[in-house]
Amino acid sequence: MISVIQMKLDESYKIRDIDRSETIELFYKCKDGILEEIKAGHECPNWKEDNYQEIISRFEYELSNGGMAYGAFDEDKLVGFGVLAHKFRGKEHNQLQIDLMYVTREYRRQGIGRQIIGLLSKAAIEKGAKYLYISSTETESAVKFYSSCGSTVTSEIDEELFEKEPYDIHMLKKL
């Protein structure tokens, strides 16, 4: 039985439970608002320790500054999580970013990500946001997941996030 609950700052170490590996058959490149498919066909490995440290640091930064996170747990094991960033974005300052969103490989396609994004959406509405801003990895699985949750490619790219992740697909989800 999977339970999805709000995570606390001191649970950041549990992120090491996540296996983010996947087989990537296809990825996308966004050109003038149009997604172009590019064949890939390679295995993306799990994180190394420095990757875990970076993700944990981002998690802790957001939660320390007013962001929040939900985690999916199979007993004590973290099998998925998502982080709602604290900083409002967009011209009208009405967007909150999904900063991190991962589901462990063997738990994907079971509705866990959809539950997490639903709870993060509800939290964003409570904070006054009208949209979720998503800087999605360019993989087919990530882009199709966010699209299936109602997100669309945005023409209003956040420059700060684009500089950090220039290959990401930038999307908005209306709340």
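# Helices, sheet and cores

Visitor: Which strands are included in what covers the buried residues of H1?

Guide: The model is a predicted one, and H1 is the helix of residues 49-64. Among the elements that cover its buried residues are strand E4 (68-74), strand E5 (77-89) and strand E6 (95-103).

Visitor: How wide is the arc within which the buried residues of H1 fall, seen down the axis?

Guide: The residues in question are Tyr52, Ile55, Ile56, Phe59, Glu62 and Leu63, which are the buried residues of H1. Seen down the axis of H1, they line one face of the helix, because they fall within an arc of 130°.

Visitor: What span should the 16 residues of H1 have, and how far apart are its end C-alpha atoms?

Guide: Just after H1 comes glycine 66, which takes a positive phi of about 105°. For the helix itself, the expectation at 1.5 Å a residue is a span of 22 Å, and this agrees with the distance between the end C-alpha atoms, which is 22 Å.

Visitor: In what order do the 7 strands of the open sheet stand?

Guide: In general, strands of a sheet pair through backbone hydrogen bonds, either parallel or antiparallel. In this open sheet the pairing is mixed, and the order of the 7 strands is E1-E4-E5-E6-E7-E9-E8.

Visitor: In E5, which residue is the bridge partner of glycine 71?

Guide: Strands E4 and E5 run antiparallel and are joined by 7 bridges. In E5, the bridge partner of glycine 71 is phenylalanine 81.

Visitor: Which residue of E3 stands opposite cysteine 30?

Guide: Strand E2 and strand E3 (residues 34-44) pair in the antiparallel sense over 9 bridges. Their hairpin has 2 residues between the strands, and aspartate 32 in this hairpin takes a positive phi near 55°. The residue of E3 that stands opposite cysteine 30 is leucine 35.

Visitor: Which element supplies the largest share of the largest nonpolar core?

Guide: That core has 27 residues, of which Leu84, Ile98, Ile112, Ile116, Leu132 and Tyr146 touch the most other members. At least two residues each come from strand E2 (22-31), E4, E5, E6, helix H2 (112-126), strand E7 (131-136), helix H3 (140-148) and strand E9 (169-174). The largest share, 6 residues, is supplied by H2.

Visitor: How many residues does the second, separate core have?

Guide: In soluble globular proteins, nonpolar side chains tend to be buried together. The second core of this model, which is separate and includes Phe59, Ala69, Val83 and Tyr102, has 16 residues.

Visitor: Which exposed residues does H2 carry on the face turned away from its buried side?

Guide: The buried residues of H2 are Ile112, Gly113, Ile116, Ile117, Leu120, Ser121, Ala123 and Ala124. Around the axis they cover an arc of only 165°, and therefore they lie on the same side of H2. On the face turned away from that buried side, the exposed residues are Lys122 and Glu126.

Visitor: Around the axis of H3, what arc do its buried residues cover?

Guide: The buried residues of H3 are Ala142, Val143 and Tyr146. They are on the same side of H3, because the arc they cover is only 95°.

Visitor: Is asparagine 94 buried or exposed?

Guide: Asparagine 94 has its place in the loop between E5 and E6. Not counting residues up to four places away in sequence, asparagine 94 touches Phe88, Arg89, Ala129, Lys130 and Tyr131. Its relative accessible area is 13%, and since the cut-off is under 20%, asparagine 94 counts as buried.

Visitor: Which residues is lysine 14 in contact with, leaving aside its neighbours within four places in sequence?

Guide: Lysine 14 is in the loop between E1 and E2, and at 15% relative accessibility it counts as buried. Leaving aside neighbours within four places in sequence, the contacts of lysine 14 are Phe73, Asp76 and Leu78.

Notes
Residues are numbered from 1 along each chain as its sequence is written. This is a predicted model: local features need pLDDT of at least 70, side-chain atom pairs count only at pLDDT 80 or more; totals for chains, interfaces and linings use all residues. Side-chain values use heavy atoms; hydrogens and water are left out. Helices (H or I, at least four residues) and strands (E, at least two) are DSSP runs, numbered from the N terminus. The expected span of a helix is 1.5 Å times one less than its number of residues. Buried means under 20% relative accessible area, exposed over 50%, partly exposed in between (1.4 Å probe, protein chains only). The arc is that of the directions from the helix axis to the C-beta atoms. Contact means heavy atoms within 4.5 Å. A nonpolar core is a set of buried Ala, Val, Leu, Ile, Met, Phe, Trp, Tyr and Cys residues joined through side-chain atoms within 4.5 Å. Two strands pair if DSSP finds at least two bridges between them.
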